[in-house]
Amino acid sequence: MAEIVYPPVIGALKTMFRVLDMKIDIVGAENVPTTGGAVLVSNHISYLDFIFAGLAARPSRRLVRFMAKKEVFDNKISGPLMRGMHHIPVDRAEGAGAYIAALRALKAGEVVGVFAEATISRSFTVKEIKNGAVRMAAATNTPMIPMALWGTQRLWTKGRKRALGQRHIPITILVGEPMHPKRGEDMDAHTAELRRRIAELVDKAQRGYAEIPEGVWWQPAHLGGSAPTPEEAEALDAAEREAREARRD
């Protein structure tokens, strides 16, 4: 497919990273195949995660087609960019269409990016994940690659003001070894193993991060930060869902 939008966007982002002097550390990028379809599955802690998750595939010279909520495509600014980069819109009410589009992309040899938690984790730990990524990989006989992001939440996350102008922020991107789920195998078991691997990578990124101050909001509670616990985060998410449903009614 024609790549008119994606390359200039990447160039602009690289310039921004240099201006802000971001310390971006990518480990395991060799696990992204240089050809053929693959499902890249990341944790989700920031509204900017698709930007940084995509960097994991650049050493392999791949462009990632991310599955993102339809509302992002409806926005008059981000929408044209998302469509121009051939990302995949996900309508919560009609998820089958996005799933079929992702299968089509994988069969065409594309790398498809998935945030399997479906929403940003306020606790900065890995939430329960959906099995869509596993099913897509199995249905297309493509590798599924777990990965972890850390530091992106400091720039813009749920419940916090954007801080896009911060300088010298370290960003960690860890890419794990591929998994190879097959048709007929236990998808729930593969999903549990995928979550375990992502959580292991997230923990490694958190503990090896360049800055580990006590009590900061962007650090998980179990590591001494003041982020909500998973239980508190789930309560906040539930309240948000109820408010959203009330507005629809």
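**Close-up views of a predicted model**

**View 1. Arg-122 and its partner Asp-237.** The side chains of Arg-122 and Asp-237 meet in a polar contact at 2.8 Å. Keep in mind that what you're looking at is a predicted model. Arg-122 sits in the loop that runs between β5 (111-115) and α6 (132-140). With a relative accessibility of 15%, Arg-122 is buried, because the cut-off for that is under 20%.

**View 2. Who else is around Arg-122.** Leaving out residues up to four places away in sequence, Arg-122 touches Lys-158, Ala-227, Pro-228, Ala-233, Leu-236, Asp-237 and Glu-240. Pick out Ala-227 here: Arg-122 and Ala-227 are 105 residues apart along the chain, yet 7.2 Å separates their C-alpha atoms.

**View 3. Ser-46, tucked into a loop.** Look for Ser-46 in the loop between β2 (38-42) and α2 (49-55). Its relative accessibility is 0%, so Ser-46 counts as buried. The side chain of Ser-46 reaches two backbone atoms: the nitrogen of Leu-48, at 3.0 Å, and the oxygen of Thr-152, at 3.2 Å. Thr-152 also turns up among the contacts of Ser-46 once neighbours within four places in sequence are set aside, along with Ile-120, Gln-153, Trp-156 and Thr-157.

**View 4. Helix α6 against helix α7.** Now for a pair of helices: α6 packs on α7 (residues 187-207) at an angle of about 120°, and their axes are 9 Å apart. That angle makes α6 and α7 oblique to each other, and α6 passes α7 in a right-handed crossing. On the α6 side, Val-134, Arg-135 and Ala-138 make the contact, while α7 brings Met-187, His-190, Thr-191 and Leu-194. Sorted by class, the contact of α6 with α7 has four nonpolar residues, two polar and one charged.

**View 5. Helix α5 against helix α6.** Here α6 meets α5 (residues 95-107), with axes that come within 10 Å and cross at roughly 45°. Once again the word is oblique, this time for α5 and α6, and their crossing is right-handed. From α5, the contact uses Tyr-99, Ala-102, Leu-103, Leu-106 and Lys-107; from α6, it uses Gly-132, Arg-135, Met-136, Ala-139 and Thr-140. By class, the contact of α5 with α6 has six nonpolar, two polar and two charged residues.

Key:
Residues are numbered from 1 along each chain as its sequence is written. This is a predicted model: local features need pLDDT of at least 70, side-chain atom pairs count only at pLDDT 80 or more; totals for chains, interfaces and linings use all residues. Side-chain values use heavy atoms; hydrogens and water are left out. Helices (H or I, at least four residues) and strands (E, at least two) are DSSP runs, numbered from the N terminus. Buried means under 20% relative accessible area, exposed over 50%, partly exposed in between (1.4 Å probe, protein chains only). A polar contact is a pair of N or O atoms within 3.5 Å; within protein, one must be able to donate a hydrogen and the other to accept it, and residues adjacent in sequence count only if both atoms are side-chain atoms. Contact means heavy atoms within 4.5 Å. Axes are lines fitted to C-alpha atoms, for helices over the stretch in contact, and angles run from 0 to 180 degrees between N-to-C directions. Angles under 35 degrees count as roughly parallel, over 145 as roughly antiparallel, 65 to 115 as roughly perpendicular and the rest as oblique. A crossing is left-handed if the near helix is turned anticlockwise from the far one by less than a right angle, and right-handed if clockwise. Ala, Val, Leu, Ile, Met, Phe, Trp, Tyr, Cys and Pro count as nonpolar, Asp, Glu, Lys and Arg as charged, and the others, Gly among them, as polar.
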